[in-house]
Amino acid sequence: MDNALQVKDLCAWFGEHQVLKNITMDIRRNSVTSVMGPSGCGKSTFIRCLNRMHDLTPGFRVSGEVFFDGRNIYTDRIDPVLLRRKVGMVFQQPNPFPRMSVFENVAVGLKFNGKKRSRSEMADVVEKSLRMAALWDELSDHLDRPGTSLSGGQQQRLCIARALAVEPEILLMDEPCSALDPTSSARIEDLIEDLSDKYTIVVVTHNMQQAGRISDSVAFFLLGELIEMDTAAKIFTNPADKRTEEYITGRFG
Amino acid sequence: MHAIAFRRRAADRATKVLFALCAFAVVLPLFLILFDLLWKGARELKWTLVTDLPHPVGEPGGGIANGILGTLTIAGLAMAGGIPLGVMSGIYLAEYGRGKFASAVRFSVDMLAGVPSIILGIFGYVLWVLPMKRFSAWAAASALAMIFIPTVVRTTEEMLKTVPVSVREGALALGIERWKTTLFITVRTASAGILTGILLAMARIIGETAPLLFTALGNQFWQTGLDQPIAAIPLQVFNYAISPYDDWHDKAWAGALVLIGMVLVISTAARYIARVKK
Ligand SMILES: Nc1ncnc2c1ncn2[C@@H]1O[C@H](COP(=O)(O)OP(=O)(O)OP(=O)(O)O)[C@@H](O)[C@H]1O
Ligand SMILES: [Mg+2]
């Protein structure tokens, strides 16, 4: 099987506190993988390990391996900056750049990545990215509005467009819908389904219905351990582990 | 029941009035100063005040044009050096300053901010005037820069710290290098606040007098070079005010009026930027 990411024995610590314990998982190319589990079990920590977002956190430490394109991102002289261009991220709280217009927000990743682009090339990328994020129809006439003046749902889609503009291969999303109303969250869900043809998506979610609808596979975390990972159908109807069953039936967590 | 409610409301009202009175007492001096300046400075507040050189005693008319130019020159020099140094040190403290060196810098900057300005004037005198054997704009500017820089360093740092971590993470997650994230995303996000800090520091140094006594010295004529004694409004106000002549006293008031006008304009601009560009 063709894997976009292979995680082997990944452990992570904040200071003395071990947050991830021997996580091993394969993430298939062009699939949607949901990461679920009770609050504090290490979901965010885990996906932030996949694009080395913890690099600047004081006291943070990892062991184990994460393979991307056949190379271990933690040892094989990988430049985290280049890695993050291939492995994009959307955060729980929409975080458009303040004091930048919609256009600038989407263009900013390209603007600073070295290659010179003409104004019209830039405009093309912005349009394409906003279209993919299902935002073009609403905003094509308002590209000079401040990004922070949009509604929460629009801001989150703007952040998705911003991430797509640098043409990553993998998109990591940390509870992208948790700050949104049901309509906005349904739109993001549609978006994830559309994007899954071309992108590998790893999404943290607390919403089981959502995970059931969008994911090819679901990973269940508990207290820093990967309890099990399987197809959504299997996890939600017939989980192998009793703890997974207890969680999805709402008996704890 | 009623009585208690009444008493409570009366107490509420009384405390509120007390606080309001205190607040009024705080702003009262400003209005007294402005009113007094307008009253006494108005007589000399003519167009020639800002276009003419000072006239000798007894000769009517004359202005403080050279002082205005001198003040702008000295402040401009202090800022030309102080803005890059101050802003970059502030960036260092906010974005990279976790270690012992940064704590030491922070502590020293706060110390420097607390040094009485006359001592900075003497320092400028020892550093520039003695070796060069003359008073100069350079000496004055470096003394003022030492007042300017600490304020800029600390406001830059404070303003950058108000930029949420999520903004930095958002930029890093796009594969933008850290230094570009800092310079083009984080600093830009805080730019209104940083600019406000710069303007307030500018308003502060424009009125400083003591450091200039030992460095700029003053000059009755147009400045001839940055390595020469130079006029400044606060110095002119000071000299006119301690003179025994009535018409010079009037000019002191008018000069003070110009000075406070400049400070008000700059402070208002700073407030405007802080409010509008947020
Ligand atoms: N920067 C940090 N410094 C120290 N400890 C941290 C840090 N970030 C997270 N932790 C700890 O790591 C553990 C896992 O946190 P994490 O954010 O990964 O949980 P999560 O599964 O994403 O939870 P949630 O569903 O609430 O978002 C928690 O115990 C948390 O306290
Ligand atoms: Mg989380």
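Predicted model: local features only at pLDDT ≥ 70, side-chain atom pairs only at ≥ 80, totals over all residues.
How many bridges join strand β3 of chain A to strand β9 of chain A, and in which sense do the two strands run? Four bridges join β3 (residues 32–36) to β9 (residues 217–222), and these strands of chain A run parallel.

Residues are numbered from 1 along each chain as its sequence is written, chains are lettered from A and ligands numbered from 1 in the order in which they are written, and side-chain values use heavy atoms, with hydrogens and water left out.

**The sheets of chain A**

Helices (H or I, at least four residues) and strands (E, at least two) are DSSP runs, numbered from the N terminus. Two strands are said to pair if DSSP finds at least two bridges between them.

Six strands of chain A form an open sheet with mixed pairing, in the order β6-β7-β8-β3-β9-β10. Its edge strands are β6 and β10 (225–231) of chain A, each of which pairs on one side only. On average, neighbouring strands of this sheet are turned by 20° against each other, direction ignored. Helix α6(A) lies across β6 and β7 (170–174) of chain A and runs at about 170° to β6(A). For such angles, axes are lines fitted to C-alpha atoms, for helices over the stretch in contact, and the values run from 0 to 180 degrees between N-to-C directions.

A further open sheet of chain A has four strands in the order β2-β1-β4-β5, with antiparallel pairing. Since β2 (17–28) and β5 (71–72) of chain A stand at the edges with a single partner strand each, one side of each is left without a neighbour in the sheet. Strand β4 (residues 60–68) of chain A pairs with β5(A) over two bridges in the antiparallel sense, and Phe67(A) stands opposite Asn72(A) in β5(A).

**The interface of chain A and chain B**

The size of an interface is often given as the accessible area lost when the parts come together. Buried area here is the accessible area (1.4 Å probe) that two parts lose on being put together, summed over both. Chain A and chain B bury about 2000 Å² between them, with 62% of it on carbon and sulfur atoms. In chain A, Leu56(A), Arg99(A) and Phe112(A) lose the most area to chain B, together 34% of what that side buries. By contact (heavy atoms within 4.5 Å), 25 residues of chain A meet 20 residues of chain B.

A salt bridge is a side-chain nitrogen of Lys or Arg within 4 Å of a carboxyl oxygen of Asp or Glu. Three salt bridges are found across the interface of chain A and chain B, and 25 are found in the whole structure over all chains. Two examples are listed below.

| Salt bridge | N to O distance |
|---|---|
| Arg85(A) and Glu177(B) | 3.7 Å |
| Lys128(A) and Glu167(A) | 3.3 Å |
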